[in-house]
Structures are given as structure tokens and as C-alpha cells.
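Dear colleague,

Please open it first, and then read the notes below beside it.

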Amino acid sequence: MNANQIQKKLLVIEDDPGLQKQLRWSFDDCNVAVASDRESALAQVRRHEPAVVTMDLGLPPDPDGATEGLATLQQILAVAPDTKVIVLTGNQNHENALKAINMGAYDFHQKPLDANVLSLIVNRAFYLHRLQRENRELLKSSSSTAIPGLITNDPGMVKICQQIERIASSDVTVTLLGESGTGKEVLAKALHQLSDRNSKRMVAVNCAAIPESLLEAELFGYEKGAFSGAVKQTPGKIELAQGGTFFLDEIGDLPLSLQAKLLRFLQERVIERIGGRELIPVDVRIVCATHQNLKKMIEAGTFREDLYYRLCEISIHIPALRDRIGDAVLLAHHFKNQFRVKEKRQSLNFSQDALDAIGSYSWPGNIREIENCIKRAVIMAEGSQITAADLGLQPAADSFAPVTLREVRDKAEHEMLIKVLARVNGNVARAAELLGVTRPTLYDLMNRHGLK
Ligand SMILES: Nc1ncnc2c1ncn2[C@@H]1O[C@H](COP(=O)(O)OP(=O)(O)OP(=O)(O)O)[C@@H](O)[C@H]1O
């Protein structure tokens, strides 16, 4: 048995010995196991974990109906939801074939068997199964950043995660910049969890969510009787974060009057409660976040420049989801896997047009939007596939057609040759020097790419 046979595990569920033989013979390039009833089929699925199953819907004790076949299908998918089951039906059994597809079967084929057609369906099923397995492995490796709950494979984001890990243990003040829903809060929490302060509290205040009149008391606390309604001494949120991390979300919404007070705290590291006389030293690590452009706010006079430099000892710009390579599809798989467990729809997968649409949509609402979109689709999808329509997305105009690495290299080579030759005004010696190749090699390349 060669390596390929070991990988292509096929289970044939068929009670007719003649057909069993025919199917074995048709798939001699696969590692074929055979079962003739529900019990042996389930035992084989557990033992061999076949990627693809062909199953006669008419199994004993109901060889002329489909009840036993459909029950077997349901149990196989409950045990191994990613198995691609192809049901084989009688000529008159179209309705049951559709029922099986609705329950999560991958495809159906009507008897009498056409070995060529069936082989095509089986091979496509193996291909899809392999793609889905690769996707899952990708997901596992991508979630292996040290940041809990953060899924990414984009080189820019991976670099940011490494920066977060590196600076977590220092006390430097960090400002996280990025559009809404890009994961600023996730990264702020990571800074705390990966720091030596993680046994103490992380306290957060969202400057945009609290009215200006209450924000000062929220941040700095107050003494009893400081204002009407101040019935007891109340520490502020900064003080409550003593020893831990203080997260100021939406810092761009901090009113100017409080910006001055926050700046004083950052310089002196003591706070004074409203109505109090005592200066209270507070040891906290400060992390801020905003979706606003603080530099523009400084120009407009709505954000203090001196505060900006205090807060941005390190500033990290988090890219929007549309600027992360491959992350939208990766996150879509992640959320689909999460929700299909919750919704008990284990066999649900994306159709190709759904994956194309996810990859090409610009996700203005970022990760929150993709999460909601997938959640809705998992609940709404009618069959075993989530389509672009279930997602409420237009199928992509330029659907992702897999290309070979050679094609990618050729395209890059072609573009670079044109750019460099233009830059040196057609001087081949100079172009060869810039590209790090000899002149004859460059002539060869130009010939191959049809460049004069
Ligand atoms: N890379 C990621 N992988 C998985 N889930 C993520 C990722 N980034 C963010 N999320 C999830 O997306 C949602 C939004 O993230 P988060 O609240 O951190 O964004 P934000 O930038 O702080 O948004 P806002 O500016 O609106 O407060 C959260 O449910 C979060 O768990």
C-alpha cells in the first residue's frame, strides 16, 4: 500500500456483495473498507476515520426504503462531522436523496452506478476534505500566538502580537490605535495578562460612555460631601487599579479639562479625590485605546500635545481586517466552528462562493461584523452549506482561482522587470545590477517575458 492509499480512506456501505465488489474494484487507488449495515458502518467510521463514505440508502432491515440509511447517515455525521458521505439511491428515490443532502450528506448518485461519474464525485469529496483539514490545521497554528482569543495569520498582526508580548512586562504606557472592532481591547487585556501585574486587577474606563460631568468622579473618586449626592467616600477607577493595569478606552473622547488632570497624574503618579486634600500615590500601568486620529485632534486643538506624548510612549497601530491578508476567511472558519457547536449544526461548512465573498468583502465593521454575520448565517443556513446568500454578501466578482507558485513568481518577475527597466530608462547593464543578475540572464528573462 503506498502513502497515497493510506491517506485516501474510503468506506463503502453496501449490503449487496456484487456491488461491494464492483465498488472495491472501481476505487483500487483508495484504501477501501466495507460495511454492510449500520452497526458495522459505525464501527468502521470509528476505527478508520474515512474521509469519504459511499452509502446505499437502502440498508437492512429496510432495504427498499431509506429509514435505515438516513439514520446511519445521521449517526456517522454525529461521530465524524467532517466526513463526506455520498449516498447511492435508486432511480425513484430523488426525494430521499434530497433529504440526505439536507441532513449533511455531501452529494448523491443514482443507481445504476456509473463508475466514471461516481469516481469524479468521490475524488472531489477527497479534495474538499483535504482542504478543510488543511484549514483546520492552519487555524490551530494561527491561534498559537501567546495572546488568548486572538486569531490571525497576517504577518503585520503577528508582528504586533510579538511586540505586545515583548512590552507586556515593562511599565511603559501604551496607546493602541485602530478602527472600531479591530481588537484593541483584546490586546489591552493581553498586555495585562502577560505582565507581572496579572495577579492584580485590570480596571477599564470608556471615556465615550460616561457623561463629562461624571467622568472626573469616575476616574479620580471623591470624598464624602464633595458634592450633593456624594454620600460616602468613593475611590476612583485609577485608584482601584492599584498595582495592576488601568485601561482608558476611547481616550480621544476625554474632555480637555480632564486631559490636564490626567496629565498631572501621569507626571506625578499621585491622585487627589474630588473634595479631598490627601495626595494618594497610585502604581498602575496605563494602556489607552482610540479609533480617533489623535494627531489631527492636536492640530484642531481638541487634544493636548503634551498628554499625547505621555500616553504614546509606545503607540501601536492595529490594521483593519480588510488590510490583513487571509484573516477574514480564517476568522470566518473560527466563528463558524464556534457557532456550529453551539447551534448543534456540526456538519455545516462554507460553499466556495461564500469563501470567495468573505475574502473579497471589505468588512467595514471589522471583526465584530464578521462574527455577527457568521453567527446569523449558521442559524439561517438551510442545507449543509453556508452560501454567499446566507451571509448576505454578493458573490465575489473575481472569485479566487487557485494559482500555482510558478504563476505568482512569473507575474512578480514580469512586473519587477518592467519597473526596473523603466527606472533606469532601458539601460540593461544598470537594470541587471539593480536586480542582482548578470546581463545575459537579464536578456534571457526579458526574452521570456516578451520585453524589448
Ligand atoms: N484577532 C481576533 N481574533 C478573534 N476574535 C477577535 C480578534 N480581534 C477581536 N476579536 C473579537 O472581536 C470583538 C471586538 O474586539 P475588541 O472589543 O477588542 O475591538 P476594539 O478595537 O476594542 O473595538 P472598539 O473600538 O469598538 O471598542 C470582540 O468580541 C473580540 O473578542
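If you set aside its neighbours within four places in sequence, isoleucine 314 is in contact with Ile167, Val172 and Val174. Please keep in mind, for this and for everything that follows, that the model is predicted. Isoleucine 314 belongs to strand 14, which covers residues 314-317, and it counts as partly exposed because it has 16 C-beta neighbours inside 10 Å, whereas a buried residue would need 20 or more. Leucine 176 is 138 residues away from isoleucine 314 in sequence, yet their C-alpha atoms are 8.6 Å apart in space.

UniProt, in an unreviewed entry, places the feature "modified residue: 4-aspartylphosphate" at Asp56. Aspartate 56 has 25 C-beta neighbours inside 10 Å and therefore counts as buried. Not counting residues up to four places away in sequence, aspartate 56 touches Ile13, Glu14, Asp15, Gly69 and Leu88.

Finally, there is a pair of helices to look at. Helix 3 (residues 38-48) packs with helix 4 (residues 67-79) at an angle of about 20°, and their axes are 10 Å apart, so helix 3 is roughly parallel to helix 4. The crossing of these two helices is right-handed. Helix 3 contributes Arg38, Ala41, Leu42, Val45 and Arg46 to the contact, while helix 4 contributes Glu68, Ala71, Thr72, Gln75, Ile76 and Val79. Sorted by class, the residues of this contact are six nonpolar, two polar and three charged.

Terms used. Residues are numbered from 1 along each chain as its sequence is written. This is a predicted model: local features need pLDDT of at least 70, side-chain atom pairs count only at pLDDT 80 or more; totals for chains, interfaces and linings use all residues. Axes are lines fitted to C-alpha atoms, for helices over the stretch in contact, and angles run from 0 to 180 degrees between N-to-C directions. Helices (H or I, at least four residues) and strands (E, at least two) are DSSP runs, numbered from the N terminus. Angles under 35 degrees count as roughly parallel, over 145 as roughly antiparallel, 65 to 115 as roughly perpendicular and the rest as oblique. A crossing is left-handed if the near helix is turned anticlockwise from the far one by less than a right angle, and right-handed if clockwise. Two residues are in contact if their C-beta atoms, placed from the backbone, lie within 7 Å. Ala, Val, Leu, Ile, Met, Phe, Trp, Tyr, Cys and Pro count as nonpolar, Asp, Glu, Lys and Arg as charged, and the others, Gly among them, as polar. UniProt positions are given in the numbering used here, feature names are shortened, and annotations may be inferred rather than shown by experiment. A residue is buried if 20 or more other C-beta atoms lie within 10 Å of its own, exposed if 12 or fewer, and partly exposed in between; C-beta atoms are placed from the backbone.
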